[in-house]
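Subject: Structure for you, with notes

Hello,

Here is the structure I promised to send over. My notes follow below it.

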Amino acid sequence: MSPVEEKTRYSEEELKEFEEIIQKKLGDTRTELNYIREALSKRNDPGTDSTSSSNKSLEDGADTSERENLSQLAARLQKYATQLENALIRIKNGTYGICVDTGKLIPKERLRVVPHTQQTIEAKLRKQS
């Protein structure tokens with residue numbers, strides 16, 4: 001590759017590194033998601049708790065709020081897991097690391113931090129303004 005030529009794709013070795021990063025993040029995300037789902041299912045089970053009625057309404061309100069927070073977190077984690085899975089597909093089909101807006105290679109540093117991204121930081125900032 002001449003110094004003037006701009007790299008347009010990552011090598012197999014580089015893609016393997018990104019795949020490992022994504023697989024680890026995906027595993028961690030799925031573990032956390034399963035934990036939250038278990039917590040939510042336990043919260044929905046009233047069990048045999050016989051709390052006095054005056055405290056019950058306060059606890060019900062707190063439980064509802066916590067259930068909503070856990071549900072929102074689960075939804076965000078599910079979306080993130082899907083984005084990571086899509087990144088793995090892009091690795092397989094050879095489009096990983098290429099900005100969807102500019103067609104340029106996304107810097108490795110950005111992909112290591114945000115491995116599911118499909119944009120260079122410049123393209124993302126342009127879209128936001």
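Is Lys7 buried, exposed or partly exposed? Lys7 counts as partly exposed, because its relative accessibility is 30%. Please keep in mind that this is a predicted model.

**Salt bridges**

Glu14 counts as buried, because its relative accessibility is 12%.

The structure holds seven salt bridges. Side chains of opposite charge can pair when their charged atoms come close. Two others are worth a look.

One of them joins the side chains of Glu19 and Lys92, at 3.0 Å from N to O. Glu19 sits in helix α1 and Lys92 in helix α2, so the pair ties together parts that are 73 residues apart in sequence. Glu19 is buried, at 16% relative accessibility. Lys92 is exposed, with a relative accessible area of 64%.

The other is between Lys24 and Asp28, with the closest N and O atoms 2.9 Å apart. Both residues lie in helix α1. They are four residues apart, so about one helical turn separates them. Lys24 counts as exposed, at 54% relative accessibility. Asp28 counts as partly exposed, at 42%.

**The cores**

Now to the nonpolar side. The largest nonpolar core has 17 residues. Those with the most contacts inside it are Tyr10, Phe18, Ile22, Ile91, Tyr96 and Leu111. Helix α1 spans 12–43 and helix α2 spans 53–93; each supplies at least two residues of this core. Which helix gives the most to this core? That is α2, with five residues.

Leaving aside residues up to four places away in sequence, Leu111 touches Tyr10, Phe18, Tyr96, Gly97, Ile106 and Thr117.

There is also a second, separate core, made of six residues. Among them are Ile36, Leu40, Leu70 and Leu77.

**The aromatic cluster**

The structure holds two aromatic pairs. Tyr10 and Phe18 form an edge-to-face pair, with 5.2 Å centre to centre and 70 degrees between the planes. Both Tyr10 and Phe18 are buried. For Phe18 the relative accessibility is 0%.

Phe18 also pairs with Tyr96. How are these two rings arranged? Their centres are 5.4 Å apart and their planes are at 50 degrees, so the pair counts as tilted. Phe18 lies in helix α1 and Tyr96 in the loop between α2 and α3 (108–113), so the pair ties together parts that are 78 residues apart in sequence. Tyr96 is buried, with a relative accessible area of 2%.

Taken together, ring pairs link Tyr10, Phe18 and Tyr96 into a cluster. These three are also listed among the residues with the most contacts inside the largest core.

**Two single residues**

Thr29 is in helix α1. Is Thr29 buried or exposed? Thr29 is buried, because its relative accessible area is 5% and the cut-off for buried is under 20%. A polar atom of the Thr29 side chain lies 2.7 Å from the backbone oxygen of Lys25. Which residues does Thr29 touch, not counting those up to four places away in sequence? They are Leu77, Tyr80, Ala81 and Leu84. Leu77 has already come up, as a member of the second core.

Gln118 is the other one. Its place is the loop between α3 and α4 (121–128). Gln118 counts as partly exposed, at 34% relative accessibility. Gln118 and Val100 are 18 residues apart in sequence, yet 5.9 Å apart in space, C-alpha to C-alpha. Not counting residues up to four places away in sequence, Gln118 touches Arg90, Ile98, Cys99, Val100 and Ile106. Ile106 is also on the contact list of Leu111.

Best wishes

Terms used
Residues are numbered from 1 along each chain as its sequence is written. This is a predicted model: local features need pLDDT of at least 70, side-chain atom pairs count only at pLDDT 80 or more; totals for chains, interfaces and linings use all residues. Side-chain values use heavy atoms; hydrogens and water are left out. A nonpolar core is a set of buried Ala, Val, Leu, Ile, Met, Phe, Trp, Tyr and Cys residues joined through side-chain atoms within 4.5 Å. Buried means under 20% relative accessible area, exposed over 50%, partly exposed in between (1.4 Å probe, protein chains only). Contact means heavy atoms within 4.5 Å. A polar contact is a pair of N or O atoms within 3.5 Å; within protein, one must be able to donate a hydrogen and the other to accept it, and residues adjacent in sequence count only if both atoms are side-chain atoms. A salt bridge is a side-chain nitrogen of Lys or Arg within 4 Å of a carboxyl oxygen of Asp or Glu. Rings of Phe, Tyr and Trp (its six-membered ring) pair if their centres lie within 6.5 Å; planes under 30 degrees apart count as stacked, over 60 as edge-to-face and the rest as tilted.
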